[in-house]
Amino acid sequence: MLYVGFFSNSMIGKSMALKADLRHFLDEEGHVLELTDQAETIFKFLIKIVSSVSKNIEMPLINVDLKCTTRADELSCEGSIEARCIAIGMIEWHCDTCEASGTISNWQGSLWDKQEHTIH
Ligand SMILES: [Zn+2]
């Protein structure tokens with residue numbers, strides 16, 4: 001297993017923002033590393049947010065088709081995830097019901113970046 005899990009349970013808990021860097025999940029060629037189950041759950045959650053937000057990058061707030069519980073098996077929140085791009089290369093997400101929130105960086109140019117690149 002190449003991946004060393006860096007998500008402690010407290011990071012996935014209610015009050016602490018989850019700061020994720022998409023590069024931590026990828027090798028130098030952009031392929032997904034072998035992930036622990038927990039990391040894979042989080043990773044799938046993150047890439048769903050990245051593809052939804054990058055597809056709708058102009059929108060002030062995007063309702064991601066994701067339940068809060070998708071982050072970890074033991075969660076029971078019924079909330080849904082909302083996200084937006086707060087700065088170039090930085091996505092912020094939060095649950096509409098509980099205090100769960102986080103940011104995702106270094107997602108641009110990844111496989112899940114769905115922005116339509118205009119050629120200037
Ligand atoms: Zn929640």
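**A tour of the sheet and its core**

Start by selecting strand 3 (residues 80-87) and strand 4 (residues 90-95): they run antiparallel and are joined by six bridges. Strands here are DSSP runs (E, at least two residues), as helices are (H or I, at least four), numbered from the N terminus; two strands pair if DSSP finds at least two bridges between them. Residues are numbered from 1 along each chain as its sequence is written. What you have open is a predicted model, where local features need pLDDT of at least 70, side-chain atom pairs count only at pLDDT 80 or more, and totals for chains, interfaces and linings use all residues.

Now click Ala83: its bridge partner in strand 4 is Trp93.

Next, bring up helix 2 (residues 37-55). This helix packs on the sheet and touches strand 1, strand 2, strand 3, strand 4 and strand 5 (101-105). Contact means C-beta atoms, placed from the backbone, within 7 Å. Pick Ile49 and skip its neighbours within four places in sequence: you'll find contacts with Val64, Leu66, Ile81, Ala83, Ile91, Trp93 and Ile104.

Last stop, the largest nonpolar core, with 23 residues. Such a core is a set of buried Ala, Val, Leu, Ile, Met, Phe, Trp, Tyr and Cys residues joined through C-beta atoms within 7 Å, and buried means 20 or more other C-beta atoms within 10 Å of a residue's own. Select Leu46, Ile49, Val50, Ile81, Ala83, Ile91 and Ile104, which touch the most other members. Helix 2 supplies the largest share, seven residues.

Technical notes:
Contact = placed C-beta atoms within 7 Å. Axes fitted to C-alpha atoms, helices over the stretch in contact; angles between N-to-C directions. Buried ≥ 20, exposed ≤ 12 C-beta atoms within 10 Å, placed from the backbone.
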